[in-house]
There are 2 protein chains.
Amino acid sequence: MGSLGSHYEEENSSSNTANPLNPEEFRRQGHMIIDFIADYYQNMEKYPVLSQVQPGYLAKLLPKSALNIPEPIETILHDIQQYIIPGITHWESPNYFAYFPTSSSIAGFLGEVLSTGFNVVGFNWISSPAATELEFVTMDWLGQMLGLPQSFIFSGVGGGVIQGTTCEAILCTLVAARDQMLAKVGRENIGKLVIYGSDQTHCALLKAAKVAGLECKNFRAIKTMRSTAFQLSAESLRTTIRLDVEAGLIPAFLCATIGTTSTTAVDPIRSLSEVTKEYGMWIHVDAGYARSACICPEYRHFIDGVENVNSFSFNAHKWFFTTLDCCCLWVKDPGALTKSLSTSPEYLKNNASDSKQVVDYKDWQITLSRRFRSMKLWLVLRSYGVENLRNFLRSHVKMAKRFQQLVESDNRFEVVVPRNFAMANAQHFNRNLLETMNASGKVFMTHTIVEGIYVIRFAVGATLTEDKHVIKAWEVVQETVDDMLATK
Amino acid sequence: MGSLGSHYEEENSSSNTANPLNPEEFRRQGHMIIDFIADYYQNMEKYPVLSQVQPGYLAKLLPKSALNIPEPIETILHDIQQYIIPGITHWESPNYFAYFPTSSSIAGFLGEVLSTGFNVVGFNWISSPAATELEFVTMDWLGQMLGLPQSFIFSGVGGGVIQGTTCEAILCTLVAARDQMLAKVGRENIGKLVIYGSDQTHCALLKAAKVAGLECKNFRAIKTMRSTAFQLSAESLRTTIRLDVEAGLIPAFLCATIGTTSTTAVDPIRSLSEVTKEYGMWIHVDAGYARSACICPEYRHFIDGVENVNSFSFNAHKWFFTTLDCCCLWVKDPGALTKSLSTSPEYLKNNASDSKQVVDYKDWQITLSRRFRSMKLWLVLRSYGVENLRNFLRSHVKMAKRFQQLVESDNRFEVVVPRNFAMANAQHFNRNLLETMNASGKVFMTHTIVEGIYVIRFAVGATLTEDKHVIKAWEVVQETVDDMLATK
């Protein structure tokens, strides 16, 4: 089997029995993979940042079915270089400014590799105590860095959990909120529950509402305006809720956002939470992208009022140096989560869980099995230290600011909304500009539409990005516009 | 920031600016981590397989908050050795026979490491075409290996997707089934939908039903019996459904299982699917653990009738050499999934998606962001080849068979149900036996209760397990029983 020890000598042998976890072969191939990835980073700028392949390209290059015989790692790595890398959009490229970038790091990578090496399935405490305990230690550390009130951390009365993505964090809290409300008003009223966000809220909220069995017609995407920087106002929320209550509906959940996807708008948590409190609703804060910045004292004000919310989440894999996936969720009342998400089949029972002295994270999330995700977050915090992490975020903000100034200096463009974090934006009247730039392979940016305006987003966050890449990106923008005007 | 280039020289510097993805430093630290993990595998048998720490052990060993200054990787690895490894339950240990083991492999590990290195967020095709295209190529390869009908694979009319875990696969299909049925009967009838499984079905089904907003009182865990090897019979299903229909309820979803968690029971798919067809219900097959075996012709009969079901899933991270997480889900009608799970915000729009020529996997799952999981599955298929994979599974089955024979040869024990795959079981009247064995650190097994009988489960699947470990495990069982009898 496995054939790792010897298939180089006897390539067609099928009766080969080396163990597929043989430590010496693991070491040999492991070192090869590290060099392969280090070379990839070193050569990154040679590749077009946005993949230039056509739909269906890969199936044409690969066999129609799996082979019976083993292939050596050398052949496989050769194929990855030849066939896979051209199909990759290089999220780690310094010229990547699309969506929200993923700020990877050596420490984040190493943490993921270690957790893959241990390969523990940490559904409950006993299945690997270190996986559970490191998670709550790390979540408390991070909670303190963000200046969270004691009510959200384990050393207080709340607690944190690492989910995969914001979608899961929102779904878990929405399910908890739904069940809490239905326990009061009766389960038969599920069709009357109303979910609120703004027209800028991430699509994860609508998706979660659909998965949770709530009615699409009871989903409110409250209108925001450019004149108020696309913030959700407490007044609009209150007006919408009143109409719903008058119509016999039941307000259940609000998702407020710190740093929306389109324009990094910041909803005013304090005033919104006053409204939700009046109606006994759950308020979740999705700070998916922007929360990282709040470890810097000068940005902490963006989460003022956080002590009044029920839960909030942010993606450490977006702008906090871990690799995908790592979404940090804190809740004030872990019992609300576990009430909705607990299961206790006989085959998982054990003395530690029965003692109630331990956390079984399977009851805090959608899935049973879970990876040892805290390892990468812990390595990031320790390898860089708090002060360096702050400075690195500040350097990204500075680069975005620089880009915004460049946009402002060119009267063919207009900044649509003021920059809050590390994303700048620009309005330009020709929609082809973006496609032409991305097709060049020199940069990758994406767009949005707000109040009917087509906006180019420029998000700084890829770890390898330096000032020179921002300057170059602006040159690409200008050259492309010049060419397009010349062609006209 | 990051300080990776130089904090060994200037450990207290905080104004250090080396990039946290510096390729040379990546290479240096990457090699260190590979050696660390190779050493861990080499020393594996020195560690107690079940962690022996007490609740709360870790917080006492670590600082109360994150440090301001960076720490070198050497210090961190030292702490992992000292503080983390003692808290790990060693799923990769050859003496691990608990739950269902995770069969890791070098190829699975390397695939995960590569995907972490690329760190792409493959929510849609354009975000990294190779991530999407390799996924459907690999899922088709695997579909063919399992002898799936064309109706489930992309080269036919269906398709496969890699989810994280069975919980997600069941939730996605349940939501699709729910919405399909509600489209017929009206959304106001959500409280009438009924979900079926057996009393042996994995707890993921009940959890998914709760998340999806279905009523717990409409969840049927149909009784199975030891005399019929804990299979769900078509007769019991039909009887239960009839009563529900008479009571005005609406049968919506059946989850059948190939290889249940407690006893690896196999539900008869063909006869069950005849019943679900009569009632227009969705039938999902959860072959979480056992499906891998079906790549061997001699086990293929376990999924006879699979052409009649709507969807099925199995965990490649359980008994198919990838690392956690990797759950393969095939569906006959991808449209049913995407109808329930699609979102299309402006900021994700792109020409490729608009062309409808590509798959956007975000619409096949709960979350938006997704890792490049097909890489590890592809590496496993290529590195080992089909024939070796079959032989390796057969070697596990043989070891479990051996253990069962040993149990049968000792009249203090009884085999509770015949072995189907690589899990044996034993009844013993003293519940302390298991706890005493596990506390020894020599083996880790878990238990279940079926028909009131306390059963010890012995699951073979950890990649490093060889015949000698099975023999040793049986010696541990016998010695522990002898000691317990002697003490009495």
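**Reading a sheet and an annotated lysine**

Modeller: In this predicted model, strand β10 (residues 453-459) of chain A is joined to β9(A) by five bridges, and the two strands run antiparallel.

Biologist: Which residue in β10(A) is the bridge partner of A:T448?

Modeller: A bridge links a residue of one strand to a residue of another, and here the partner of A:T448 is A:V455.

Biologist: In what order do the three strands of the open sheet stand?

Modeller: One reads a sheet by going from strand to neighbouring strand, and in chain A the order is β8-β10-β9, with antiparallel pairing. The edge strands, each of which pairs on one side only, are β8 (423-427) and β9 (446-450) of chain A. From one strand to the next, the twist averages 35°.

Biologist: Which strands does helix α14 of chain A lie across?

Modeller: Helix α14 (residues 386-408) lies across β8 and β10 of chain A, and its direction makes an angle of about 15° with β8(A). Helix α15 (residues 432-439) of chain A, for its part, lies across β9 and β10 of chain A, running at about 30° to β10(A).

Biologist: Turning to the annotation, what does the UniProt entry say of A:K318?

Modeller: The unreviewed entry carries the annotation "modified residue: N6-(pyridoxal phosphate)lysine" for A:K318, a residue that lies in helix α10 (residues 316-319) of chain A.

Biologist: Is A:K318 buried or exposed, and why?

Modeller: A:K318 counts as buried because its relative accessible area is 18%, where buried means under 20%. Leaving aside residues up to four places away in sequence, A:K318 touches A:F100, A:P101, A:T102, A:S103, A:G288 and A:Y289.

Conventions
Residues numbered from 1 in each chain as written. Chains lettered and ligands numbered in written order. Predicted model: local features only at pLDDT ≥ 70, side-chain atom pairs only at ≥ 80, totals over all residues. Heavy atoms only, no water. UniProt positions renumbered as here; feature names shortened; annotations may be inferred. Helix = DSSP H or I, 4+ residues; strand = E, 2+ residues; numbered from the N terminus. Buried < 20%, exposed > 50% of the residue type's maximum accessible area, 1.4 Å probe, protein only. Contact = heavy atoms within 4.5 Å. Pairing = 2+ DSSP bridges. Axes fitted to C-alpha atoms, helices over the stretch in contact; angles between N-to-C directions.
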